[in-house]
Amino acid sequence: MQSVDYFTPVVDDPYLFGRITGANALSDLYAMGAEPLFALNLVGFPLNDLPAEMLGEILRGGSDIAAEAGISIVGGHSIDDAEPKYGMSVTGKVHPDRIISNAGAREGDLLILTKPIGTGIIATAIKKGVAPRPVVDEAIRWMTTLNRAGAEAMVEIGVLAATDVTGFGLFGHLHEMLAGSGVGAEIEASMVPVIEGAMELLATGIYPGGSEANLDFVAPFVEWGRDISEDTEKILCDAQTSGGLVIAVAEDKKEAMLCALESRGVFNRVIGRVVAAPAGTIKVR
């Protein structure tokens, strides 16, 4: 099983950028219940314009997050590029009968989210130079947190569906899982956790173009409650970097799932449930 991901810097610190990118690349494997085995670096860097030491820090960050995941970086490829880019191709393993797909959710399943959202808005604020330091630090803490422990909990309990939350935002990835499963969902907006400070930045007009595209994409599939504010709609579609997992778990396994997450120190919040509805639709209240 393989996955690949890379992107331009979302934070100013090159070491942290490397850690964030590595964690993000690993998330696809964790969402499927796979065990990562090794990784390859993917690098684009303007060596004539930026110091080689900066690239070294990016690679050090990637190496450290790989070590945290228990894997080695065994090689890679680099090119001269006008803008820094970094990522990984990650290889992992999982028994074919134990793959956790994003198409196995069933009516009645509860939906659990393992990280708060808002990193897209905060990353945009960082680029604009207006993100308060405590908000930046909190976003970095979440973006550099591996989904490894959450994946281990899913495998232990035996859930049938999950997805990670990255560029398509919470609702984009949730829609994809629901569409593949042939079901819909009801979401309690007030239960969706948001990184402290993200809503305040959103209120000042900061919102990424990618998040706008996500909002437009899910519009035909979402029924917004009349009390749902425009800013709430936006945050639920915010494009995430190295976000958490959305886990669909049968109601009779809820307590076991929550205990498995909490025993591993994994943040968790029940944000809604899977319902019998047109495939891919989301009702928000």
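User: Are α1 and α2 parallel or oblique to each other?

Analyst: This is a predicted model, in which local features need pLDDT of at least 70, side-chain atom pairs count only at pLDDT 80 or more, and totals for chains, interfaces and linings use all residues. Residues are numbered from 1 along each chain as its sequence is written, and side-chain values use heavy atoms, without hydrogens and water. The axes of α1 (residues 14–31) and α2 (residues 52–68) come within 7 Å and cross at roughly 40°; axes are lines fitted to C-alpha atoms, for helices over the stretch in contact, with angles from 0 to 180 degrees between N-to-C directions. Angles under 35 degrees count as roughly parallel, over 145 as roughly antiparallel, 65 to 115 as roughly perpendicular and the rest as oblique, so α1 and α2 are oblique.

User: How do the residues of the contact of α1 with α2 divide into nonpolar, polar and charged?

Analyst: Contact means heavy atoms within 4.5 Å. On α1 the contact is made by P14, Y15, F17, G18, R19, G22 and A23, and on α2 the residues include M54, I58 and D64. Ala, Val, Leu, Ile, Met, Phe, Trp, Tyr, Cys and Pro count as nonpolar, Asp, Glu, Lys and Arg as charged, and the others, Gly among them, as polar. The residues divide into seven nonpolar, four polar and five charged.

User: How many residues of helix α3 are buried?

Analyst: Helices are DSSP runs of H or I with at least four residues, strands are runs of E with at least two, and both are numbered from the N terminus. Buried means under 20% relative accessible area, exposed over 50% and partly exposed in between, with a 1.4 Å probe and protein chains only. The cover over the buried residues of α3 includes α4 (133–143), α7 (198–203) and α9. Helix α3 (residues 119–128) is largely enclosed by the rest of the structure, because the number of its ten residues that are buried is eight.

User: Is S242 buried or exposed?

Analyst: S242 lies in the loop between α9 (230–236) and β9 (245–249). Its phi is positive, near 50°, in a residue other than glycine. With a relative accessible area of 2%, S242 is buried.

User: How many disulfides does a search of the whole structure find?

Analyst: C237 is buried at 0% relative accessibility, whereas C259 is partly exposed at 47%. A disulfide is a pair of cysteine sulfur atoms within 2.5 Å. The number found in the whole structure is zero.
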